[in-house]
Amino acid sequence: MSGTRISARFDRLKSENRSGLVTFITAGDPDRGTSQSILDALPEAGADLIELGMPFSDPMADGPAIQASSLRALKNGANMKQTLEMVASFRKNDGQTPVILMGYYNPIHAYGPEKFMADAKRAGVDGLIVVDLPPEETELRQPVEAAGLDFIYLTAPTTGDDRLPHVVEHAGGFVYYVSITGITGTKSAKAGAVETAVERIRRHTGLPIAVGFGIRTPAQAAEIGKFADAVVVGSALVSRIEENLNGDGPAAACRDAVLGLVRDLAGGLKS
Amino acid sequence: MTKPNTYQRGPDSDGHFGIYGGRYVAETLMPLILDVERAYDEARNDPAFRAELSSYLTSYVGRPTPLYLAERLTEQLGGARIYFKREDLNHTGAHKINNCMGQILLAKRMGKRRIIAETGAGQHGVATATVCALFGLECVVYMGEVDIERQAPNVFRMKMLGAEVRPVTSGSGTLKDAMNDALRDWVATVDDTYYLIGTVAGPHPYPTMVRDYQSVIGEETKTQINEIEGRNPDTLLACIGGGSNAIGMFHPFLDDDGVRIIAVEASGEGIETGRHAASLTAGEPGVLHGNRTYLLQDGDGQITEAHSISAGLDYPGIGPEHAWLHDIGRVEYVSIRDDEAVDAFQLCTEAEGIIPALESAHAVAHAAKIAPDLPPDHLMVINMSGRGDKDLESVGAYLKARGS
Ligand SMILES: Cc1ncc(COP(=O)(O)O)c(C=O)c1O
């Protein structure tokens, strides 16, 4: 039963013969209400899958944009319980769009892994990306499986062919290819190199492959979407929040700016 | 928990000390960390590498450092017989260079051209900049902007040595944030860069490797005290930031049953104020910077800021081996407040003519608490992890604010 929403979504993308758009926002950024209004509107704007960041005080793999977004959320009272509540609220009106929680291990550790997985499943979460948990650290594998969630592993340009089988062995849902050596939102990879890497990963797994880190514009998304099963955009979206915080009616401005970019990205992928 | 046959064998092959340690890093770094581990294992078993390291430790660092009987301090405290292990006499003024010398030779062996490091007090940054100058390697040191202010002399030293000091403004602008930014740098520069971690933290193999390079402190101490006194010490004392000077002093003695081992954390303004850096006394197990250990954190798993007058102890975690030694009960972990450390700084300076680093002053402060109740034949060794020149300004400001 695991990963039903995720695999159903990739099946549909395949039948529509297009690459999917995965949007990343941080739960509770800049505040719960605004963040919920963005989350709820993402599918209609063109998101095929949703990555929801779990705010953490020390996001070591993230660049300035997502660091700032995490801190905004935490400052306004975000926590793990609220993140799950946001998913549950989203699920009241959307039973189809996969939601993947992405973050770091310590908040899950503090929550209690078993309890967290069970609560996440109940809230309507489909999968989990834990950035600082490589396949060598196996402790979440059992709780994730018990709850019926997909554990999505990251692969990187540094992940050699000798290591890839080990990384994808326990992967569920899809494989996430980090297209640059670097933190989020800082540089962009050349499409040719990414294509070669995606082909290399395909030789090791039948799972769909999503490409992220460093994709900011509709043109870049369209280019990567030619060969990847999905493209992930994060820093560019959360930067829209930062840019619209100080005007009049920031909640609506942030929402409209994020959703506007999501529409453009989705348009790029469909054309 | 049952007592193991030995406390010295750890970690297991994946870097776990009991449930602590491990390798909690992003996939991009994982292959690099495995490379470092492989290279370290090879180097450790290569007699030529060991000979080269030993030669630099002697002729460049100035080892062995003396074991010094602090007679006036002993007399003033009126109890245990107190020795200092003089790591403050190392080149660059602290124990940090023992580790830097080992790791820089490893980095060279791995063919790396660029070295990055994090620093709190600046002692590790200075030691790193020094060995980079020695071998002509590029050096970038990440340092929290708060620390840049309170350890200005060390910032100047690093720059003179040719290092670039990058101020870290994220988070609390102290050591943990410097480590975050160093890790972020490393993810982006994997090809030519070596991350020279300054304490027994980070992912495996760092906690083990740094411990091994610092164990020269305890090994020398064991030989020296046996030469001078004909026996092992009764008590060992060391301060704890990440825990490298402490584990270096302790590790060779862990299986010596009669030796009482005490590590001193910084309780800042007091545990009850919440403004402290006592991860073992007041933290909970969690995962940060590549390993599982005790951390200062809130109920949601967000890391909280550490506070200590001493920049080198201002870290919300502790090396994973210490977490294990704590749980298993082999080492006692106590804590000392800012005011007590400053008092000990003055006591040591006036009684012995030795200005201790504020970090080391925490160990002296605990000695001052327990030594008076111990008999004169009780042998106590304090690890004088560094010298205090870098702290004169901080201490001056503190004393002025206190009106003394
Ligand atoms: C003199 C001195 N002692 C102790 C420490 C604390 O580090 P550790 O616990 O790794 O020995 C530092 C760190 O900067 C230091 O400079």
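Accessible areas were computed by the Shrake-Rupley method with a 1.4 Å probe. By this method, chain A of the predicted model exposes about 10000 Å². Carbon and sulfur atoms supply 50% of that area.

The fold of chain A was examined next. Its secondary structure comprises twelve helices and nine strands. Along the principal axes, its C-alpha atoms fill a box of roughly 50 × 40 × 35 Å. Of the 271 residues in chain A, 62% are buried. Contacts between residues at least 6 apart in sequence were also examined. In chain A, 72% of these contacts join residues at least 24 apart.

Charge was considered next. Chain A carries 27 positive and 33 negative charges. Side chains of opposite charge can pair when their charged atoms come close. Over all chains, the search of the whole structure found 52 salt bridges.

One of these salt bridges joins the side chains of Arg72(A) and Asp29(A), at 2.7 Å from N to O. Arg72(A) belongs to helix α3, residues 64-75 of chain A. Asp29(A) sits in the loop between β1 (20-26) and α2 (32-45) of chain A. The two residues are 43 apart in sequence, so the pair ties together separate parts of the chain. Both Arg72(A) and Asp29(A) are buried.

A salt bridge also forms between the side chains of Asp161(A) and Arg200(A), at 3.6 Å from N to O. This pair links distant parts of the chain, 39 residues apart. Asp161(A) lies in the loop between β6 (154-155) and α8 (164-168) of chain A. Arg200(A) lies in helix α9, residues 191-202 of chain A. Asp161(A) has a relative accessibility of 40%, so it counts as partly exposed. Arg200(A) has a relative accessible area of 17% and is buried, because the cut-off for a buried residue is under 20%.

Salt bridges were also found in chain B. Asp389(B) pairs with Arg387(B), and their closest N and O atoms are 3.5 Å apart. Asp389(B) is partly exposed, at 44% relative accessible area. Arg387(B) is partly exposed as well, at 32%. Elsewhere, a network of salt bridges links Asp41(B), Arg44(B), Arg211(B), Asp212(B) and Glu321(B).

Technical notes
Residues are numbered from 1 along each chain as its sequence is written. Chains are lettered from A and ligands numbered from 1 in the order in which they are written. This is a predicted model: local features need pLDDT of at least 70, side-chain atom pairs count only at pLDDT 80 or more; totals for chains, interfaces and linings use all residues. Side-chain values use heavy atoms; hydrogens and water are left out. Helices (H or I, at least four residues) and strands (E, at least two) are DSSP runs, numbered from the N terminus. Buried means under 20% relative accessible area, exposed over 50%, partly exposed in between (1.4 Å probe, protein chains only). Contact means heavy atoms within 4.5 Å. Lys and Arg count as positive and Asp and Glu as negative; His and the chain ends are not counted. The place of a charge is taken as NZ of Lys, CZ of Arg, CG of Asp or CD of Glu. A salt bridge is a side-chain nitrogen of Lys or Arg within 4 Å of a carboxyl oxygen of Asp or Glu.
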